[in-house]
Amino acid sequence: MAEEISGLRRDYQLAQLKEDEMLTDPIEQFQIWLKQVIDWGIKDPTAMTVATVSPDGQPSQRIVLLKQVDERGFVFYTNYESRKAQELSINNKISLHFPWHFAERQVKVCGVAQKVSTAESLKYFSSRPEESQLAAWASSQSRPIDSRSMLMAQFARMKEKFKNGQIPLPDFWGGYRVVPHEIEFWQGGSHRLHDRLVYQKNEQNQWLMSRLMP
Ligand SMILES: Cc1cc2nc3c(=O)[nH]c(=O)nc-3n(C[C@H](O)[C@H](O)[C@H](O)COP(=O)(O)O)c2cc1C
């Protein structure tokens, strides 16, 4: 097995990144790449890895779905009492990673996470399928539970509880906006000579781009 996996590799030849072909605003550049990935037709094109750090310095990661991206930042939704939320409440430094390796690309974002407004969370929550809304109520995300049947019973209880009218937004559920200060665009290159263009915000709030060695 070890030998089998050590031999797994491929050369990256799809494209090159050139400074003068990149937009000055990395969010606009990201939106172009995201659209290309969506048009590619792969599953979960908006899936991104979110990294947070515990008070004792232990990093932890999980996948969530990107739900909005504009000049203000990158938004995802989750349980405000989950492990990630507890870690963010103490240290709101966060990193996102988009693993678009089928396109020989990845994007890394570093920034800080801020809760979105309740109105914003409510708008998104109400747009979700009813079952997903009930699941948000039923799950104390990241906490242990004795069995799947207990989870299903909790789901059934919520279904009964909210059978009449709109399902309210749980106060323990909502969005985070990741306000970026660094965004790196990576494109695989032949012979491992990859392109890495990183945008960093300076003190005047301007984005400056530089190239990193692969
Ligand atoms: C493709 C995919 C999409 C997911 N999307 C979300 C999401 O948008 N929000 C969320 O809270 N969890 C999502 N999850 C589950 C998370 O990966 C994770 O298990 C959960 O948020 C609990 O993480 P935590 O215990 O580290 O806080 C998704 C998982 C996968 C594989």
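This is a predicted model: local features need pLDDT of at least 70, side-chain atom pairs count only at pLDDT 80 or more; totals for chains, interfaces and linings use all residues.

**Who β1 pairs with**
- β1 and β2 run antiparallel and are joined by seven bridges.
- One of the links to β2 pairs Ala47 with Leu65.
- Between β1 and β2 there are five residues, and the two strands make a hairpin; Gly57, in the turn, has a positive phi of about 90°.
- β5 also runs antiparallel to β1, with three bridges joining them.
- Over in β5, Ser95 stands opposite Ala51.

**The largest nonpolar core**
- This core has 30 residues, and the ones touching the most other members are Ile94, Leu96, Val107, Val109, Tyr176 and Val178.
- At least two core residues come from each of β1, β4, α3, β5, β6, α5, β7 and β8.
- β7 gives the largest share, with six residues.
- Leaving out residues up to four places away in sequence, Tyr176 touches Val75, Phe76, Thr78, Leu88, Ala113, Gln114, Lys115 and Val116.

**Around the ligand**
- There are 16 residues around the ligand, and Arg62, Thr78, Ser82, Lys84 and Ser142 come nearest.
- β2, β4 and α3 each put at least two residues into this shell, and the largest share, five residues, is from β2.
- The shell is made up of six nonpolar, six polar and four charged residues.

Key: Residues are numbered from 1 along each chain as its sequence is written. A nonpolar core is a set of buried Ala, Val, Leu, Ile, Met, Phe, Trp, Tyr and Cys residues joined through C-beta atoms within 7 Å. A residue is buried if 20 or more other C-beta atoms lie within 10 Å of its own, exposed if 12 or fewer, and partly exposed in between; C-beta atoms are placed from the backbone. Helices (H or I, at least four residues) and strands (E, at least two) are DSSP runs, numbered from the N terminus. Two residues are in contact if their C-beta atoms, placed from the backbone, lie within 7 Å. A residue is near a molecule or strand if its C-beta atom, placed from the backbone, lies within 6 Å of it. Ala, Val, Leu, Ile, Met, Phe, Trp, Tyr, Cys and Pro count as nonpolar, Asp, Glu, Lys and Arg as charged, and the others, Gly among them, as polar. Two strands pair if DSSP finds at least two bridges between them.
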